[in-house]
Amino acid sequence: MAVDVLLGLQWGDEGKGKIVDVLTPSYDIIARFQGGPNAGHTLVIDGQKIVLHTIPSGIFHQRAVNIIGNGVVLDPVTLKKEIEELEALGLDIRSRLLLAKKAHLILPTHRVLDAASEKAKGKKKIGSTLRGIGPAYMDKTGRNGLRAGNIESHRFDQMYEALKKKHLDLLRLYDYDFDLKSMEEEWWEGIELLRTIELSDCEYYINEADKAGKRILAEGAQGAMLDIDYGTYPYVTSSNTITAGVLTGLGLAPQRIQRVIGISKAYCTRVGSGPFPTELHDETGERLRRAGGEFGATTGRPRRCGWIDMAALKYAVMLSGTTEIALTKVDVLNHFAQIRAGVGYRIDGKETSNWEFDMQHKNPGPVYKDFEGWMSESEQWQDIDDCPKALQKFIRFIESECGVPVTMISTGPEREKLILRSGALV
Ligand code: GDP
Ligand code: IMO
Ligand code: MG
């Protein structure tokens, strides 16, 4: 069998959690390959809202094995909270969760370094979720990091103390007050919990499962425009959020990858700093935020809102070899008489449809194409043919611009609010 991928095509929060949850019955394994607790993936099950940060979004289906891959950076504190919350719902988590030994650990001092670095940046701050993601990946690439498998060493305490000391030395460079004691206490409790989860050489597990015909879905976090290489650098996260990240983050060869499902909202949001050419600073942006409930699942911050940016979307489709699109939050646009799609940018009087180097210094003005809104409720739509003509036209436009089909149309947070078109899974 082959491995399918599901990832965000915008600046995150496209609705990955919901779509993974719906697709999970078609898979044996769901695997997170990058990011960490900066992610917040929302599932709405029987009217109850659950936000997952580290655990893959397949966890609500009893049959699936959920893997936290080596490309993920893991905070034992968040993982412990997440597991306890899910267990309180009566779910058996630990027997269906595998943790890659090579996944790097987020230490309390990584979180402090994240906060100190953001504070020092002042107006130029990234708008990080302050979960210690950047500093943890810095230690990974700097070859200083601690990995989940290290907890099995009798020297683990010493390894921790040595890395903590490095961090404390670094923190002297900042004007930043902190109190580590309680953070450390809960961290060590988290480490104790890690000892109750199966640590695995996941690269073997996943390749053997693939050979044995198991169906595997790799679940992305963040989105293409937050990718460390191709996103809006430096206003990005610290991992590869595109399909390439699946290979290093799970130990899979490129030819194993089959379908790449890219997710995009029917409009666009971003949380944190950085360029967003189609952002709306007016009443329409406010309406999108209200209608879409656009407040961060991890930090609660209001998300910046604007129209869909087709130039950025095409860039993301290209980078990830996207084979199909899941279009989400279509219902949020139900009552907009006019809908716009950014098709390019005006930079210094010239038009371009490329996402250029250093956009934040170029002040790109959006070039729009206008669409008539569909002005109707989505409750009754079961099939694409039930959708209003104006929506069908908007979808055809996205398909022709991106060169791939829109196989899923999501019209609400709940599982059942999903229109599957021919060629879609499930
Ligand atoms: P993720 O990080 O990509 O998993 O997305 P988030 O969970 O951060 O944000 C998506 C938000 O939109 C969550 O509150 C979801 O419950 C919600 N959502 C997902 N799909 C839809 C949809 O089609 N319509 C509406 N109205 N809400 C949706
Ligand atoms: P999901 O998986 C939206 C943003 C932060 C910040 C930048 C860097 O839920 O889509 P970091 O904490 O990684 O140092 O933050 O990236 N960011 C996200 N925005 N959704 C996410 O995840 C995000 N994860 C990080 O707001 O601008
Ligand atoms: Mg999210």
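Predicted model: local features only at pLDDT ≥ 70, side-chain atom pairs only at ≥ 80, totals over all residues.
**Exercise 1.** Determine which distances separate oxygen atoms of ligand 2 from polar backbone atoms of Gly 40, Gly 127 and Val 271, then state how much of the ligand the protein buries.

*Solution.* Step 1: for Gly 40, the distance from a polar backbone atom to a ligand oxygen is 2.9 Å. Step 2: for Gly 127 the corresponding value is 3.3 Å. Step 3: a backbone N or O atom of Val 271 is 3.0 Å from an oxygen of ligand 2. Step 4: ligand 2 taken alone exposes 550 Å², of which the protein buries 97%.

**Exercise 2.** Classify the ring pair of Trp 307 and Phe 336, and locate both residues in the chain.

*Solution.* Step 1: the ring centres are 6.1 Å apart, with 80° between the planes. Step 2: planes over 60 degrees apart count as edge-to-face, so the pair is edge-to-face. Step 3: Trp 307 belongs to strand β13 (residues 304-309), while Phe 336 sits in the loop between β14 (324-328) and β15 (338-347), so the pair ties together parts 29 residues apart in sequence. Step 4: both residues, Trp 307 and Phe 336, are buried. Step 5: Arg 287 lies over the face of Phe 336, 4.0 Å from the ring centre.

Conventions:
Residues numbered from 1 in each chain as written. Chains lettered and ligands numbered in written order. Heavy atoms only, no water. Phe/Tyr/Trp six-rings, centres within 6.5 Å; stacked < 30°, edge-to-face > 60°. Helix = DSSP H or I, 4+ residues; strand = E, 2+ residues; numbered from the N terminus. Buried < 20%, exposed > 50% of the residue type's maximum accessible area, 1.4 Å probe, protein only. Lys NZ or Arg CZ within 6 Å of the ring centre and 35° of its normal. Polar contact = N/O pair within 3.5 Å; in protein donor to acceptor, adjacent residues only side chain to side chain. Areas by Shrake-Rupley, 256 points an atom, 1.4 Å probe, with all protein chains shown as cover.
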